[in-house]
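Please keep the sequence and the 3D view at hand while reading.

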Amino acid sequence: MVLATDWQEYEAPADLIKGAVLVLGIYDLEPLRLTDRRTQIGLNEAFVKELSPFRKIPDLSADQACDLILVYAENDSDETKRQAVAFSQSWREEGFVCAIIEETGVDHYSIALPMSNPKSAMGRATLALMGL
């Protein structure tokens, strides 16, 4: 949601965020709204629309859209993978840059570890995003 923020409201440049690495995101809350737990977590249509990053993409200005890297774990759920792929495709369809990485040999709990390894796919992509 940081990417959807109008930074000029905070007296900062619109293009404040230059790049981002999104790891294991839930980009669309709609599937959660359809579960039995929706009442326990208070999900309704308005909440889903307001807080789903996937639904914010068309509203972004060219200044707000930065280069993205989306990362998910090889051993993650099919839904996690589906949402990452759908989000990256939508980001690109709006004309923005987005790479997607399936980090091998990790799961939901260990996915952050490869970022510290410059030889991992995520580490290499992160360094490249920073121009290093």
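Leu70 is buried, with a relative accessible area of 0%; buried means under 20% relative accessible area, exposed over 50%, and partly exposed in between, with a 1.4 Å probe and protein chains only. The model is predicted, so local features need pLDDT of at least 70 and side-chain atom pairs count only at pLDDT 80 or more, while totals for chains, interfaces and linings use all residues. Residues are numbered from 1 along each chain as its sequence is written, and side-chain values use heavy atoms, with hydrogens and water left out.

**Leu70 and its surroundings**

Leu70 belongs to strand 2. Helices (H or I, at least four residues) and strands (E, at least two) are DSSP runs, numbered from the N terminus. Which residues are in contact with Leu70, leaving aside its neighbours within four places in sequence? They are Leu22, Tyr27, Ala84, Phe87, Ser88, Cys98, Ala99, Ile100 and Ile101, where contact means heavy atoms within 4.5 Å.

**Aromatic residues**

Four aromatic pairs are found in a search of the whole structure. Rings of Phe, Tyr and Trp (its six-membered ring) pair if their centres lie within 6.5 Å; planes under 30 degrees apart count as stacked, over 60 as edge-to-face and the rest as tilted. In one of these pairs, the ring centres of Phe87 and Trp91 are 5.9 Å apart and the planes are at 20 degrees, so the pair is stacked. Both residues lie in helix 5 (residues 78-93), four residues apart, which is about one turn of the helix. Phe87 is buried at a relative accessible area of 3%, and Trp91 is buried at 1%. Together with Tyr27 and Phe96, Phe87 and Trp91 form one aromatic cluster.

Another pair consists of Trp7 and Tyr10, whose ring centres are 5.9 Å apart with planes at 55 degrees, so this pair is tilted. Tyr10 is exposed, with a relative accessible area of 56%.

Is Gln83 buried or exposed? Its relative accessibility is 6%, so Gln83 counts as buried. Not counting residues up to four places away in sequence, Gln83 touches Ile26, Tyr27, Asp28 and Pro31.

Gln83 is among the residues that line the second largest pocket, which also include Leu24, Glu79 and His108. A pocket is defined on a 1 Å grid over the protein atoms alone, as an open set of points where a 1.4 Å probe fits, with protein on both sides within 12 Å along at least five of seven lines; lining residues have an atom within 4 Å of a point. The second largest pocket holds about 160 Å³ of space, the volume being the space filled by probe spheres set on the points, which are joined across faces, edges and corners. Helix 5 gives the most to this lining, with three residues, and helix 1 (30-33) and helix 5 each supply at least two.

Glu30 lies in helix 1 and, at 19% relative accessibility, counts as buried. Leaving aside neighbours within four places in sequence, Glu30 is in contact with Val48, Ser52 and Arg55. The table lists two polar contacts between side chains. A polar contact is a pair of N or O atoms within 3.5 Å; within protein, one must be able to donate a hydrogen and the other to accept it, and residues adjacent in sequence count only if both atoms are side-chain atoms.

| Side chains joined | Polar contact |
|---|---|
| Gln83 and Glu79 | 2.9 Å |
| Glu30 and Arg33 | 2.8 Å |

Leu24 has a positive phi of about 55 degrees although it is not a glycine. Leu24 is found in the loop between strand 1 and helix 1 and is buried, with a relative accessible area of 16%. Glu11, in the segment before strand 1, likewise has a positive phi, near 60 degrees, but Glu11 is exposed at 79%.

In helix 6 (residues 121-129), the residues Met122, Gly123, Ala125 and Thr126 are buried. They cover an arc of only 170 degrees around the axis, which puts them on the same side of helix 6; the arc is that of the directions from the helix axis to the C-beta atoms. The buried residues of helix 6 pack against strand 1 (19-23), strand 2 (67-73) and strand 3 (98-103). Just after helix 6, Gly131 takes a positive phi of about 75 degrees.
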